[in-house]
Amino acid sequence: MTNYFEKELYINPSLADAEGLLNRYETFNIFMDIADDHAGQMGVAWRHISPRNLFWLTVKTKIVFENRPKLGDTVTLATWVEEPTKLRGDRSYEMRAGDKVLARGKTEWAVLNTETMKLIPISEVYPEGLDYSRPSACPEGFVRIKDRFSEADKYAEYTVRSTDIDIGHHMNNAKYVQALLGTFSNKELREMQPKSFDVIFRNSVYEGDVLNFYKQPGIDGGFDIRVARASDDMTALLVHME
């Protein structure tokens, strides 16, 4: 089976931010959706594996923006899976204009058995005969983020809404990023111009949960953000922005 999927996408107004460019958090949505497109072609999308009581879990996501497309542009999206380890599998993404890469990303996935609440080997899900020769879109890998933040570093909070909840009945992965970016003003985002995001999903949160946001400088530049449930200080998300 061919381990590659691509399609074109028109950047319409619903995808654009205040600058008329592709919204950063929408890129997380776009890559998540094309992953499902390819998984459907492979026969391993949610609709295929849910009858087996299996569920795809997003463990980590990295997106690097080289040059965001603008409203009215048409881009090519591409995705492929990398050779998995026993319990984890990376998926690469690219967004291109012709041969020019505009954004690239990688997500680390795992498969959960919802009856036993244990991870199962990826080999039990992926079809046989996949070609893993295509190189990773993010060969630099994921940034390590230490879960060490002071209470004094809290800068924002957010209440999880009904519109944040997905089919897994918890906060959707891309909604975390939308909430995160919403803690900054457009002026702050223009000044920061973040080019890369490393997002580590630690624990699920649910409708009505209040999330506290903590921020501190990153070790090698940029800054780290910890998102924790206010009720028990459980870490839900760790993010490195640079």
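How many nonpolar, polar and charged residues does the lining of the largest cavity have, by class? In this predicted model, that lining has 8 nonpolar and 4 polar residues, and no charged residues. The structure holds 1 cavity of 30 Å³ or more, and the largest cavity contains about 120 Å³ of space. Its lining is formed by Phe-28, Phe-31, Met-32, Thr-58, Thr-61, Ile-63, Tyr-93, Thr-107, Trp-109, Asn-173, Ala-174 and Phe-201. Helices H1 and H3 and strands E2 and E5 each give two or more residues to this lining.

Two of the elements around the cavity, H1 and H3, also pack against each other. Helix H1 covers residues 24-42, and helix H3 covers residues 173-181. The angle between the two helices is about 175°, and their axes lie 8 Å apart. Because angles over 145 degrees count as roughly antiparallel, H1 and H3 are therefore described as roughly antiparallel to each other. On the H1 side, the contact is made by Arg-24, Tyr-25, Phe-28, Asn-29 and Met-32. On the H3 side, the contributing residues are Ala-174, Val-177, Gln-178 and Leu-181. Classified by residue type, the contact of H1 with H3 comprises 6 nonpolar, 2 polar and 1 charged residues.

Met-32, a residue of helix H1, takes part both in the contact with H3 and in the lining of the largest cavity. When residues up to four places away in sequence are not counted, Met-32 touches Asn-172 and Ala-174. Met-32 counts as partly exposed because its relative accessibility is 25%, which falls between the 20% limit for buried residues and the 50% limit for exposed ones.

At least two lining residues of the largest pocket come from each of H1, helix H2 (46-49), strand E2 (54-65), strand E5 (100-113) and H3. The lining of this pocket divides into 22 nonpolar, 8 polar and 7 charged residues.

The second largest pocket holds about 220 Å³ of space. Among the 14 residues that line the second largest pocket, those closest to its centre are Asp-17, Asn-23, Arg-24, Asn-186 and Leu-189. The most is given by H4, with 3 residues. By class, the lining of the second largest pocket has 5 nonpolar, 4 polar and 5 charged residues.

Leu-211 belongs to strand E9, which spans residues 210-217. This residue counts as buried because its relative accessibility is 1%, and the buried class lies under 20%. Apart from its neighbours within four places in sequence, Leu-211 is in contact with Ala-156, Glu-157, Tyr-158, Val-160, Met-171, Val-205, Val-227, Ala-228 and Arg-229. Leu-211 and Leu-71 are 140 residues apart in sequence, and the C-alpha to C-alpha distance between them is 32 Å.

Two loop residues have positive phi values although neither is a glycine. For Met-117, phi is near 60°. Met-117 is located in the loop between E5 and strand E6 (118-120). Met-117 is classed as exposed because its relative accessible area is 55%. For Gln-193, the positive phi is about 45°. Gln-193 is located in the loop between H4 and strand E8 (196-201). With a relative accessible area of 35%, Gln-193 is partly exposed.

Terms used: Residues are numbered from 1 along each chain as its sequence is written. This is a predicted model: local features need pLDDT of at least 70, side-chain atom pairs count only at pLDDT 80 or more; totals for chains, interfaces and linings use all residues. Side-chain values use heavy atoms; hydrogens and water are left out. Axes are lines fitted to C-alpha atoms, for helices over the stretch in contact, and angles run from 0 to 180 degrees between N-to-C directions. Helices (H or I, at least four residues) and strands (E, at least two) are DSSP runs, numbered from the N terminus. Angles under 35 degrees count as roughly parallel, over 145 as roughly antiparallel, 65 to 115 as roughly perpendicular and the rest as oblique. Contact means heavy atoms within 4.5 Å. Ala, Val, Leu, Ile, Met, Phe, Trp, Tyr, Cys and Pro count as nonpolar, Asp, Glu, Lys and Arg as charged, and the others, Gly among them, as polar. On a 1 Å grid over the protein atoms alone, a cavity is a set of points where a 1.4 Å probe fits but cannot get out, and a pocket is an open set with protein on both sides within 12 Å along at least five of seven lines; lining residues have an atom within 4 Å of a point. Grid points are joined across faces, edges and corners, and a volume is the space filled by probe spheres set on the points. Buried means under 20% relative accessible area, exposed over 50%, partly exposed in between (1.4 Å probe, protein chains only).
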